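Open your viewer and get ready to select residues by number.

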Amino acid sequence: MLVSFFVKKEFRDTTGALMFSRALSACLNLSCCFSMGNSCWKSYDYDIDEELDYSGTNICVIKNKENLEKIISESTNTNKMVVMNFNATWCEPCIAASRFYIESSKKYPYFLFVAVDIDDLDELASAYGVDATPTFFFLLGGTTIDTLVGAHKEQFEKKMEILARFYQ
């Protein structure tokens with residue numbers, strides 16, 4: 001409880017928050033990194049200095065709010081599911097999650113996959129209520145139908161399979 005209180009206090013200051021989160025997630029081996037003081041626990045063997053790389057995939061990296069609004073509008077007009085990944089380049093669990101996120105984008109090419117870096121678009125992360133990374137949103141017709149917080153591969157894959165059955 002003491003750590004949780006300290007983390008929430010620290011995350012009011014965004015300058016020190018990234019370094020504190022990175023250090024804490026590396027020490028505690030979290031399955032999601034703190035962005036507003038929440039955490040999930042799990043260990044990974046990935047190098048925290050490895051960067052997220054979606055090049056060569058069908059994942060659209062969101063650069064601004066208007067870009068995301070355009071994709072959501074397109075998905076509504078074409079009745080496509082949007083699978084949105086809020087992540088951070090410094091977050092070890094995000095790097096682990098990027099592997100199964102990329103696999104899923106190849107397995108389900110009829111879904112629209114998007115990635116949002118919370119450091120680049122913190123106001124968008126706040127608008128969606130993202131408290132930890134990675135956080136996945138599943139949207140249909142512009143409406144969130146499901147979410148998943150943390151780099152939980154099995155849970156993510158199960159959600160994708162269920163949504164694919166209902167979507168097709």
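This tour visits aromatic rings and then nonpolar cores.

The model is predicted, so to speak of a local feature needs pLDDT of at least 70 and a side-chain atom pair counts only at pLDDT 80 or more, while totals for chains, interfaces and linings use all residues. Residues are numbered from 1 along each chain as its sequence is written, and side-chain values use heavy atoms, leaving out hydrogens and water.

**Aromatic rings**

The whole structure holds 14 aromatic pairs (rings of Phe, Tyr and Trp, using its six-membered ring, with centres within 6.5 Å; planes under 30 degrees apart are stacked, over 60 edge-to-face, the rest tilted). Select Tyr-108 and Phe-111: this pair is stacked, with 5.7 Å centre to centre and 20° between the planes. Both Tyr-108 and Phe-111 are buried (under 20% relative accessible area; exposed is over 50%, partly exposed in between, with a 1.4 Å probe and protein chains only).

Next, select Tyr-128 and Phe-137. Why is this pair edge-to-face? Their ring centres are 5.2 Å apart and their planes are at 65°. Tyr-128 is partly exposed at 23% relative accessible area, whereas Phe-137 is buried at 7%.

**Nonpolar cores**

Now select Ile-62, Met-84 and Phe-86, which touch the most other members of the largest nonpolar core, a set of 21 residues (buried Ala, Val, Leu, Ile, Met, Phe, Trp, Tyr and Cys joined through side-chain atoms within 4.5 Å). Finally, look at a second, separate core of 20 residues, including Tyr-54, Phe-138, Leu-148 and Ala-151.
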